[in-house]
Amino acid sequence: MAAIDDFAALLFDEAKAFLEKAKSASSVEARTAYLHASLLLGFSSLEAHINSIADDFLTLTNLSLLDRSILSEKEIILEDGEYQLTDRLKMFRLEDRMEHLVKNFSTTPLDKRETYWGEFKAALRLRNELTHPKTPPPTIDISATERALLAILDVLNMLYKNIYRRPHPSYRLGMDTTMAI
């Protein structure tokens, strides 16, 4: 496993550990802080995994410029009459990058009718409410956070099974953390 894969796995394990800490928190404030940390680390882990998968395919020589742009999140410009990939950041939505990976590097299409996809979209909405707060502030609880982490794990497993034809390495652990809490 590459260093980014190890780091991505660590982030997800930390997310699960913070969820466990939230379950035993002695105050509402502490529980909320642990849940926020859990959710944000879970999504950080997912983004790190997506970046690692994208890096695997950036080594291919037959990729289009658009593929390279999406996989590396770099901007394309027209310079001297020719399109070129720059070093400037070009953000793509997380779900768009996942869909691109499955569509272009898998023989199994993404089925958005599957339960995990709906749960993932709900988790993404919760993360977006926390990351881009408006009034009223988002309500986050143990159940919603646990469902979000499970959705992230299910999406990761789908990506690994569809792209690498094997389950995600930590899928068998489910929501169990390897960290001492």
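Modeller: Helices and strands are taken here as DSSP runs numbered from the N terminus, a helix being H or I over at least four residues and a strand being E over at least two. The model is a predicted one, in which local features need pLDDT of at least 70 and side-chain atom pairs count only at pLDDT 80 or more, while totals for chains, interfaces and linings use all residues. Residues are numbered from 1 along each chain as its sequence is written, and side-chain values use heavy atoms, with hydrogens and water left out.

I begin with the loop between helix 3 (65–72) and strand 1, where Glu 73 is found. Most residues other than glycine have a negative phi. Glu 73, however, has a positive phi near 55°. Its relative accessible area of 10% makes Glu 73 buried, a term that means under 20%, with exposed meaning over 50% and partly exposed lying in between (1.4 Å probe, protein chains only).

Asp 80 is found in the loop between strand 1 and strand 2. With a relative accessibility of 77%, Asp 80 counts as exposed, whereas Glu 73 is buried. The hairpin that contains Asp 80 has 2 residues between its strands.

Strand 1 (residues 74–79) and strand 2 (residues 82–89) run antiparallel and are joined by 5 bridges. Across this pairing, Ile 76 stands opposite Leu 85 in strand 2.

For the wider context, I turn to the aromatic rings. Rings of Phe, Tyr and Trp (its six-membered ring) pair if their centres lie within 6.5 Å; planes under 30 degrees apart are stacked, those over 60 are edge-to-face, and the rest are tilted. A search of the whole structure finds 5 aromatic pairs. In one of them, the rings of Trp 117 and Phe 120 have centres 5.4 Å apart and planes at 40°, so this pair is tilted. Both residues lie in helix 5 (residues 115–131), 3 residues apart, which is about one turn of the helix. Trp 117 and Phe 120 are both buried. Another tilted pair is formed by Tyr 160 and Tyr 164, with 5.0 Å from centre to centre and 55° between the planes. Tyr 160 is buried at 6% relative accessibility, while Tyr 164 is partly exposed at 24%. Ring pairs also link Phe 43 with Trp 117 and Phe 120 in a cluster.

Charges sit over some rings as well, which means that NZ of Lys or CZ of Arg is within 6 Å of the ring centre and within 35 degrees of the ring normal. The charged end of Arg 166 sits over the ring of Tyr 164, 5.3 Å from its centre. Likewise, the charged end of Lys 90 sits over the ring of Phe 92, at 5.4 Å from the centre of that ring.

Leu 124 has its place in helix 5 and is buried at 4% relative accessibility. The C-alpha atoms of Leu 124 and Ala 15 are separated by 15 Å, and these residues are 109 residues apart along the chain. Leu 126 also lies in helix 5, and its relative accessible area of 11% makes Leu 126 buried.

Methods:
Two strands pair if DSSP finds at least two bridges between them.
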